[in-house]
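Here's a quick briefing to keep beside the structure. Have a look at the fold first, then read on.

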Amino acid sequence: MNIQTPSALRPRRAKILATVGPASRSPEMLRRLFLAGADTFRLNFSHGSHDDHRQAFDAIRALEAEFGQPIGILQDLQGPKIRLGQLPGGPREVLVGETLTLTLGAGEIPLPHPEIFAAVRPGDQLLIDDGRIRLETVDHDAETITARVVAGGRFLDRKGVNLPDTVVDLPALTEKDRADLQFGLSLGVDWVALSFVQRPEDLVEAKALIQGRAALVAKIEKPSALESLQQIVFEADAVMIARGDLGVEIPPEDVPGRQKEIIRLCRQLDRPVIVATQMLESMITTPTPTRAEASDVATAVYDGADAVMLSAETASGQFPTEAVEMMDRIIRRTEAHPFYAASLQATAPKADTANRAIAEAAVDLAGALEAPAIVAFSSTGASGRRIASHRSPRPTVLLTADPAVARRMALVWGIRSLVDDEVSDHDTVPIMAEEAVLRLGLGDDRHSIVVVCGFPFGVPGTTNSIRVTPLGQGKP
């Protein structure tokens, strides 16, 4: 793969996931976001048509071809999201103490979810628009809920509804999700994010439909998911900490600790982890973030997150490019801080398997030799993920013959992936590794690199070799 731009050598390890929407869907804006620092793009299937997403997908793949750099595309399924319907009178203000009627069909405030009317009880809370509006159930029947306004605000169409006191029986994948999933897989998305995961079985069901055509992201946004966290992380290919709904469903003061817990567990299990929601929210309408938002992004980076995500900031905000540029600057400044390496080392995972021990040894060896890079050959990306979990200060280059694997690595901490021919024998390993490092401008003939591969070649799970290769020789 021919590298056309220094953007392939972004001077940071944590990745940026940018959401595509009306403000960023045009090919020109997507190009600007990529050059500003976006590594992977999120197509949010809660909004937009299939045609909208197809156009964005095609534009991103065109960018990839133009710059010769793998770019990830993540499809985010809506899931069993509970939303208001279309308000018949348009947006409206509601005041504390006011009594409202939510209706299954047409009415004052449509709520087209019969399972809620069957499950809600007097006293249960209904939290609208990420909890900005709070209602308390007074009475209900099969088609109406009478509720008192506890915290008022502006009602808007299609806003989300959370019910922290109510157990609602919802499927992991709705019919819309299934149709959207088949569409996304037909396009060739790299990641599929499953919303409102409650148990490991939800992921098993989704994986049976995906059949290996994309990697699966478990979105952690329900208290029930926290109760089965280790099993869910183990079953998933990656995890997203979706703090919007999670911060409504659990007390806000519990979210920071849970975030650290999830990030650490993901590193222990070699799963990429994304921190999402409200990271630079004020940049939807202003060209600079608050200091608290900058600190929030930095905290996720200090904790060791693989990626941080922009939602409305790039999807519908007034300053999408500035938001990506700001995220990029915060990450780079954080990673350059003296405390950064120490904070990652304090939460380093244990090498409890042979494969993880090899990854840890490669990182240690590269540090001892002051090697300019670690090169990993992988058919699945697993070797890259294991090395990334140790958060090596040395760049890691992943060579794979599979473009889909290279694109998925655009979400993984510190990985620079290249598509190359399948390695065929031991003699070609150092040659290909050297060519990749020199092509990326990571070293010269004064250096040696650390190379990780497996034998037999091309067989997943066989990483069993570490070698030191001097640059400039082109042979072992």
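V197 counts as buried because its relative accessibility is 0% (buried means under 20% relative accessible area, exposed over 50%, partly exposed in between, with a 1.4 Å probe and protein chains only). This is a predicted model, where local features need pLDDT of at least 70, side-chain atom pairs count only at pLDDT 80 or more, and totals for chains, interfaces and linings use all residues. Residues are numbered from 1 along each chain as its sequence is written, and side-chain values use heavy atoms, with hydrogens and water left out.

**Around V197**
- You'll find V197 in the loop between β12 (191-194) and α5 (200-210); helices (H or I, at least four residues) and strands (E, at least two) are DSSP runs, numbered from the N terminus.
- Skipping neighbours within four places in sequence, V197 is in contact (heavy atoms within 4.5 Å) with D202, L203, A218, K219, K222, A225 and I232.
- V197 and I262 are 65 residues apart along the chain, and their C-alpha atoms are separated by 14 Å.

**I262 and its contacts**
- Beyond neighbours within four places in sequence, I262 is in contact with I220, L226, L229, V239, I241 and V273.

**Around C453**
- C453 sits in strand β20 (residues 448-454) and counts as buried, at 2% relative accessibility.
- Again leaving aside neighbours within four places in sequence, C453 is in contact with F377, V429, T463, N464 and S465.
- From C-alpha to C-alpha, C453 and H426 are 9.5 Å apart in space, and they are 27 residues apart in sequence.
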